[in-house]
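Here are some friendly notes to read with the structure open beside you. Take the points one at a time, and try to find each place on screen before moving on.

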Amino acid sequence: MAVQSSRTSARINALRASFFQRLPDLIAAVQAAHERCAAGGAVPADWEDLFRLIHNLKGGSASFGFRPLCDATLEGERLAKAALGGGAGIDLAWHGRMRDCIARMSQEVARGSCFLEDPVMPATAPGPDARCGERKRIFLCDDDPLQVQALVEQIRCFGFEVISFEELAPFQEAVEKDPPDAVIMDVMFPGKPMGGPETMNLIQAARPVAIPTVFISAQAGLDFRLAAARAGSSAFMVKPVNITDLCGRLARLTAPETSELTRVLIVDDDPPLAEYHAQILREAGMETRIVTDPLLAMDPLLEMRPDLILMDMYMPGCTGVELAKTIRQIDTFFSIPIVFLSSETDQDRQVHALVTGGDEFLTKPIKPGNLVTAVAVRAERMKILRSFMIRDGMTGLFNHTATKDFLDAACADAARTGQEVCFAMIDLDKFKLVNDTYGHAMGDRVLIALSRLLQQRLRKSDLIGRFGGEEFAVVLPDCSLAKAESILDELRASFAGVTFKAAGVTFTATFSAGVAALSMQPDAAALCQAADEALYQAKSGGRNRVVVSGPRPPDSIPGLDLAKALSGLKGNWVRLHGLMKDFAEDSRNAGPELGALLAAGDLAAAGARLHTLKGIAGMLGANRLRDAIRTVETEVNAGQTAPPSWQVFEHAMRELLDGIQALSEPKPWHAEVNHGQDRRS
Amino acid sequence: MNETPIPVLVVGDDAFTASLTGMVLEEAGYDVTLAEGGPDALAKVAGNPAIRVVVSDLNMPGMNGVQLFAALREQGHPPLFVLLTGDGQEAQRTLFPGMAAIVAKDEQFQETLTETLAALLPAT
């Protein structure tokens, strides 16, 4: 892994170095282009050249983290853009400002201030059963060779196969020969300000299914976005592209969604009509379910979790409007598209239906094609919206809610199949320190590096979530606790070995993790809590470690207050259990031994022993025993060698010892819980 | 959470009491060392000047908690001293001037102990 990492970094560093070396030439080219524009007889292509050259300089300096140069290019780019279209209305003052800008750019280059922090993410090789088993092919088309190479390197780190093109013609040829899973396309090309969208338009028009396409553009203007949208773009991103966002998009766009049919719930009291509509939608490849009694719609709704509800307006029991309102009151379905289908032609009533929770009103009879379109468009939007709702923006991992939902589902599955489910909570160590020392951008990089490592190393069946801040969670279905611990510990060791570079300084980051297994817990909520408690132990145990959650304590133990006995131990039942077992073993004959001391008249020794026992009883919340000892102590101090309260004491003592001895043994692997943490001498 | 765990010495001849006290303090983030009795404690404090707090049981054979407290003061530069007593009734009678705190071994023990140390070592 280390080899791969340094090799990738070295390649990107070489690219940066080469970009830096070329900078004087690039600036000179900008200068020359400007001179051509300033001279009489400049043609529109000259102005376009000037704009493109500055624009590429901006893109390159941003991509390679040469911030001061990037800042210097911004004004120049703005000026050059205003002059596009032949330089109409450009005056001497404009040329003066452009010269100032170019001078500033060369100053920045000469000053060498461009060498800033290393923007290169350390890359890690995928594990044996990593997610990127089937690599998705991505075609990248951009006319700036340096940007292309930098992007290619970084996208590859996310497990995609990338093939790059600098010109449109060979790109188009390659797509037609063997279409990729997705395309990343620049908008502007030399001599073709909308070259990217134009080419994609041609390609997509000739295809039955569009290739998912992400346009990247240095221009955020509406005209560029519009051109991209017309060319069937799936996403539009402004340069410098946030690589995590881009790869998150690519992952979503290339995910095998075909297994995820659009699910439509049809609520209509007329069975033949409902079946007719269902048939139309099924022929269009959708999954349908029919409910003919609106009052029984809730269960199928929760079970099916449809992408859209198609609903009749007038039904016995409750109207479509009322049902829509009710459904919208459930959080999960707050934004589900609801399409009313009715012979209602009264405009006012239609409007009322929309106001109260419908998204669309279709009038029966409806043409099959129109029904399919109306449903498909809305359901698709819902699916995308949902993916935004369940993903964390920065890391592309599942968010807190989605992770908890998945965990609940995995636990429900496990209850059926009897399989184990493990849950791990992961928290970066001293993350605030990273942010404070190296800045938030660096902190974000650490977060992204960890999320990428998790994605690369864990199985496809595992779910990785970001719980917010520097906290992550992993759900591992069908995985034993011992296995989960070793996986997490390998990840821990790998992550601790990753070096980050900031402003010439290298540093490493670590994480702590807590793991728990469902078989040890009554339910999903307890599983989460157990993992969280184990994480806390990992933190207080010194960080950079994985702690496995032991079994849960029993609800109660006769003779003592278990909550009090565990109050300062963070629920660390294993440790308290061991301690109590030892105590019960040592004290098995405490009663008779004390009796013997008293009978022998050794009141001092008996008093000391009683005093110690009283303390133990007190700390365990065994108040009955403690009170009995207090009474016996008073009687002994008064000189009684046969204290009248002896029986009460013995009875309470027996109760406590029996309660402890009746405890079941924790399972063998729990012995590992505190490995390497015992600092007691 | 402490950047570097603060060293704390726990003294007691009873294994259960000392272990439980040690565990509670470890969970609270301290670096805990155990001593089996007064003489052992004196040697360990002399050997590790970084020890900030001594948490000692009262009743111990040979040298009890109060005697240990006095001996530590004679050594000079004594760490903060917290005494554990069998119950609250004795606590009042045992408090010495210069002793940082007395904690009763009752059902509030674990909470009181962590709160007491947190108050004594506000840097944590």
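1. **Start with confidence.** Please keep in mind that this is a predicted model. Its scores are ipTM 0.90 and pTM 0.44. For chain B, the mean pLDDT is 86, and 90% of the residues reach 70 or more.

2. **The layout of chain B.** How many helices and strands does chain B have? There are five helices and five strands. Of the 124 residues in chain B, 46% are buried. Now take the contacts in chain B with a separation of 6 or more: 59% of them are between residues 24 or more positions apart.

3. **Where the chains touch.** The contact draws on 27 residues of chain B and 26 residues of chain A. Which elements of chain B give two or more residues to the side that touches chain A? They are α1 (15-27), β2 (31-35) and α5 (109-120) of chain B. The biggest giver is α1(B), with nine residues. Sorted by class, this side of chain B holds ten nonpolar, nine polar and eight charged residues.

4. **A parallel sheet in chain A.** Let us turn to chain A. Five of its strands make an open sheet in the order β2-β1-β3-β4-β5, with parallel pairing. At the edges you will find β2 (161-165) and β5 (235-238) of chain A, each of which pairs on one side only. From one strand to the next, the twist averages 20 degrees.

5. **A closer look inside that sheet.** Strands β1 (residues 137-141) and β3 (residues 182-186) of chain A pair in the parallel sense, over four bridges. To find your place, look for Ile138(A), which stands opposite Ala182(A) in β3(A). Helix α7 (residues 195-205) of chain A packs on the sheet and touches β1, β3 and β4 (213-217) of chain A. The direction of α7(A) makes about 145 degrees with that of β3(A).

6. **A cis peptide bond.** The peptide bond from Lys239(A) to Pro240(A) is cis, with omega near -5 degrees. Where does Pro240(A) sit? Its place is in the loop between β5 and α9 (243-254) of chain A.

7. **Two residues with positive phi.** Arg305(A) is not a glycine, yet it has a positive phi of about 45 degrees. Arg305(A) lies in the loop between α11 (298-304) and β8 (308-312) of chain A. Lys430(A), also a residue other than glycine, has a positive phi near 45 degrees. You will find Lys430(A) in the loop between β11 (421-428) and α16 (431-438) of chain A. How many other C-beta atoms lie within 10 Å of Arg305(A)? The count is 13, so Arg305(A) is partly exposed. For Lys430(A) the count within 10 Å is 16, so Lys430(A) is partly exposed too.

8. **One side of a helix.** Which residues of helix α12 (residues 320-328) of chain A are buried? They are Gly320(A), Val321(A), Leu323(A), Ala324(A) and Ile327(A). These residues lie on the same side of α12(A) because they cover an arc of only 165 degrees around the axis.

9. **A mixed sheet in chain A.** Finally, visit another open sheet of five strands in chain A, with the order β12-β13-β11-β16-β17 and mixed pairing. Its edge strands are β12 (463-468) and β17 (546-548) of chain A, and each pairs on one side only. The twist here averages 20 degrees from one strand to the next. Within this sheet, β11(A) and β13 (residues 471-477) of chain A run antiparallel and are joined by seven bridges. One bridge to look for has Val421(A) partnered with Pro477(A) in β13(A). Helix α18 (residues 481-496) of chain A lies across β11, β13, β16 (511-517) and β17 of chain A, and runs at about 170 degrees to β16(A).

Note on methods:
Residues are numbered from 1 along each chain as its sequence is written. Chains are lettered from A and ligands numbered from 1 in the order in which they are written. This is a predicted model: local features need pLDDT of at least 70, side-chain atom pairs count only at pLDDT 80 or more; totals for chains, interfaces and linings use all residues. A residue is buried if 20 or more other C-beta atoms lie within 10 Å of its own, exposed if 12 or fewer, and partly exposed in between; C-beta atoms are placed from the backbone. Two residues are in contact if their C-beta atoms, placed from the backbone, lie within 7 Å. pLDDT is the predictor's confidence in each residue, from 0 to 100. Ala, Val, Leu, Ile, Met, Phe, Trp, Tyr, Cys and Pro count as nonpolar, Asp, Glu, Lys and Arg as charged, and the others, Gly among them, as polar. The arc is that of the directions from the helix axis to the C-beta atoms. Two strands pair if DSSP finds at least two bridges between them. Axes are lines fitted to C-alpha atoms, for helices over the stretch in contact, and angles run from 0 to 180 degrees between N-to-C directions.
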